[in-house]
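Welcome, and please open your viewer: this tour goes from open spaces to charged pairs and ends in a core. Select each stop as you reach it.

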Amino acid sequence: MAVEENAEQNYLSKEKKSESDDDKRRKKIVPGSLMKALMRPGGGESNPSDGDQVIYHCTVRTLDGVVVESTRSESGGKGIPIRNVLGKSKMILGFLEGIPTMLKGEVAMFKMKPQMHYAEDDCPVPVPSSFPKEDELHFEIELIDFSKAKVVCDDLGVLKKVIDEGQGWESPREPYEVKAWISAKTGDGKLILSHKEGEPYFFTFGKSEVPKGLEMGIGTMTRKEKAVIYVTNQYLTPSPLLPVIECYEEVHFEVELVHFIQVRDMLGDGRLIKRRLQDGKGEFPMDCPLHDSLLQVHYKGMLLNEEKTVVYDTRVDNQGEPLEFSSGEGMVPEGFEMCVRLMLPGEIALVTCPPDYAYDKFSRPSNVPEGAHVQWEIELLGFEMPKDWTGLNFQNIMDEAEKIRVTGNRLFKEGKFELAKAKYEKVLREFNHVNPQTDEEGKVFLDTRNLLHLNVAACFLKMGECRKSIEACNKVLDATPVHAKALYRRGMAYMAAGDFEEARSDFQMMIKVDKSSEPDATAALAKLKKREQEVEKKAREQFKGLFDKKPGEIAEVQVEDRAGDEITDENQKNSVESSSEGDEPQDFHEAAAGEPRIGWFYNLWPTGRRLFSALGLQRCTIL
């Protein structure tokens with residue numbers, strides 16, 4: 001019984017919370033305060049409801065027939081009807097309650113007590129001081145039209161009424177290129193613009209080539225959609241489409257979105273632009289090769305010079321055969337692959353690419369000058385998604401994992417550490433769904449996963465991210481605390497980060513857990529000692545004469561930052577790397593050669609480094 005009471009209380013509490021401000025206002029209505037007289041019946045069977053835009057004329061009179069105000073031109077108004085959105089717009093209480101009772105085309109007279117119009121306590125609608133708000137008044141309403149409306153902006157300055165639904169789901173946005181038929185009328189129905197003949201109006205989204213409110217409305221439309229976009233004056237900005245806007249309180253734009261070209265600023269700085277020339281098949285982006293896939297494309301590469309010199313065309317220079325490549329393996333320039341991943345099969349796109357995403361960081365063809373901006377016209381013929389591991393047995397899963405790992409090793413050897421890391425991490429993600437069934441499978445799985453984590457650690461070390469390298473090693477040591485190779489790699493990462501004591505501890509632990517690793521650990525300790533000696537020597541030179549200063553004299557000591565001199569010993573090799581895992585990339589043991597540069601002061605005194613860093617100090621002054 002108590003449970004039922006609690007449930008009832010919770011329900012009532014939720015109901016109370018969901019009560020809107022308009023619902024609370026309606027509770028103030030007392031019988032006889034709002035009376036309705038039908039003057040002309042309307043048509044249809046439906047009434048307006050919350051979310052509908054209602055368009056109506058209103059004339060306010062005193063009880064003896066004197067006009068107080070009106071929207072009608074024959075009664076002294078501007079001839080522009082009122083537009084409100086039920087449940088959204090601020091309306092007097094009498095309208096809030098009365099208009100939802102009307103039919104389209106209906107004319108009704110509402111007799112309102114003062115508390116039903118502008119004399120209501122905390123009335124949300126302002127009124128001129130000369131308005132007789134303390135009087136009982138007649139409000140004559142003609143409901144011209146009502147329909148569902150899309151609220152484009154919260155202040156209701158831009159609304160959209162859909163006439164014909166469009167196709168698909170994609171809407172234009174900056175910097176898309178748009179074609180549309182557009183006409184415009186003022187609030188009182190005067191035609192001020194008609195662009196419905198010849199060619200559709202063309203503009204680039206985000207370039208202020210149409211009024212701001214119109215662009216906001218078009219940004220909610222889909223291809224082939226027809227709509228009326230209602231824009232109030234605060235969103236009527238000057239533009240080539242409508243240069244003069246000062247004299248309009250609001251404009252109603254009738255728009256048919258003929259077509260738009262997807263244009264993507266891939267880097268956000270205007271340098272790498274993908275422009276769709278021909279639509280592909282399928283839904284964007286679900287049917288794009290977002291994941292690593294085997295792709296087939298035709299493309300034509302051109303220099304961005306006056307002649308648009310063609311440097312390569314698969315249809316001419318490749319005997320008409322398309323280019324086939326695997327994404328995620330660095331087989332094509334980075335800008336090329338970034339754009340192809342966002343194409344649909346059958347799509348043709350024009351890609352404008354800067355040098356650093358084209359051939360400056362890729363094998364450059366002989367006919368492409370260094371520093372050249374290029375343009376590719378690409379057609380995605382099709383792609384094959386990677387094999388789904390669902391339903392595969394354990395051995396097949398491990399075979400697929402090995403293929404990806406070998407690809408990662410190749411990328412590592414080519415110096416493409418980010419791509420290599422992505423391959424290893426892909427397998428590790430897939431491993432989250434693999435459940436070995438036997439002890440033997442469990443051992444194979446654990447060994448492979450550990451190897452992948454160590455490969456990731458090596459990539460991070462080459463990329464100069466020592467802390468992330470240490471974290472990757474920790475994942476191995478959490479599962480296998482006596483893993484000599486993980487201790488070695490973590491020790492190298494600690495040494496690269498300047499944490500000499502932690503590095504020494506790992507190298508010494510190697511000897512304890514695996515006697516066969518003693519030669520490798522000894523070599524690592526020698527390398528560590530050499531680095532410490534070099535750092536100490538450099539420190540002595542820096543501090544030489546520092547304490548010979550007379551009292552009152554100041555000597556400044558510059559604490560080097562992470563961009564300081566790099567101290568490495570590239571001749572040191574680690575046999576653990578080459579003997580224990582012969583199938584790992586051969587130069588993984590050289591990861592320390594790419595470690596970040598650490599200032600000598602940080603290396604000399606790691607504790608002091610952490611102290612100064614915590615205090616935010618990079619310089620110290622000694623008196």
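Start with the largest pocket, which holds about 890 Å³ of space. This is a predicted model, in which local features need pLDDT of at least 70 and side-chain atom pairs count only at pLDDT 80 or more, while totals for chains, interfaces and linings use all residues. Residues are numbered from 1 along each chain as its sequence is written, and side-chain values use heavy atoms, with hydrogens and water left out.

A word on terms before you zoom in. On a 1 Å grid over the protein atoms alone, a pocket is an open set of points where a 1.4 Å probe fits, with protein on both sides within 12 Å along at least five of seven lines; lining residues have an atom within 4 Å of a point. Grid points are joined across faces, edges and corners, and the volume is the space filled by probe spheres set on them.

**Stop 1: the largest pocket**

Select P81, I82, R83, N84 and E250: of the 30 lining residues, these lie nearest the centre of the largest pocket. Next, colour β2 (52–62), β3 (67–70) and β4 (82–85), each of which supplies at least two residues of that lining. Strands here are DSSP runs of E with at least two residues, helices are runs of H or I with at least four, and both are numbered from the N terminus. The lining of the largest pocket has 14 nonpolar, 8 polar and 8 charged residues (Ala, Val, Leu, Ile, Met, Phe, Trp, Tyr, Cys and Pro count as nonpolar, Asp, Glu, Lys and Arg as charged, and the others, Gly among them, as polar).

**Stop 2: the second largest pocket**

Move on to the second largest pocket, with a volume of about 710 Å³. Of its 27 lining residues, select G328, G330, E337, R341 and L419, the closest to its centre. Which helix gives the most to this lining? It is α8, with 8 residues. By class, the lining of the second largest pocket has 9 nonpolar, 6 polar and 12 charged residues.

**Stop 3: salt bridges**

Now select E414 and R410, which meet in a salt bridge of 3.1 Å, N to O. Shared partners join D292, E329, E337, R341, R410, E414, K416 and K423 into one network of salt bridges.

**Stop 4: the largest nonpolar core**

Finish with the largest nonpolar core, which has 47 residues; select W389, F412, Y424, V427, F431, M495 and F507, those with the most contacts inside it. Such a core is a set of buried Ala, Val, Leu, Ile, Met, Phe, Trp, Tyr and Cys residues joined through side-chain atoms within 4.5 Å. Among the elements that give two or more residues to this core are α7 (394–413), α8 and α9 (439–462).

Notes:
Salt bridge = Lys/Arg side-chain N within 4 Å of Asp/Glu carboxyl O. Buried < 20%, exposed > 50% of the residue type's maximum accessible area, 1.4 Å probe, protein only.
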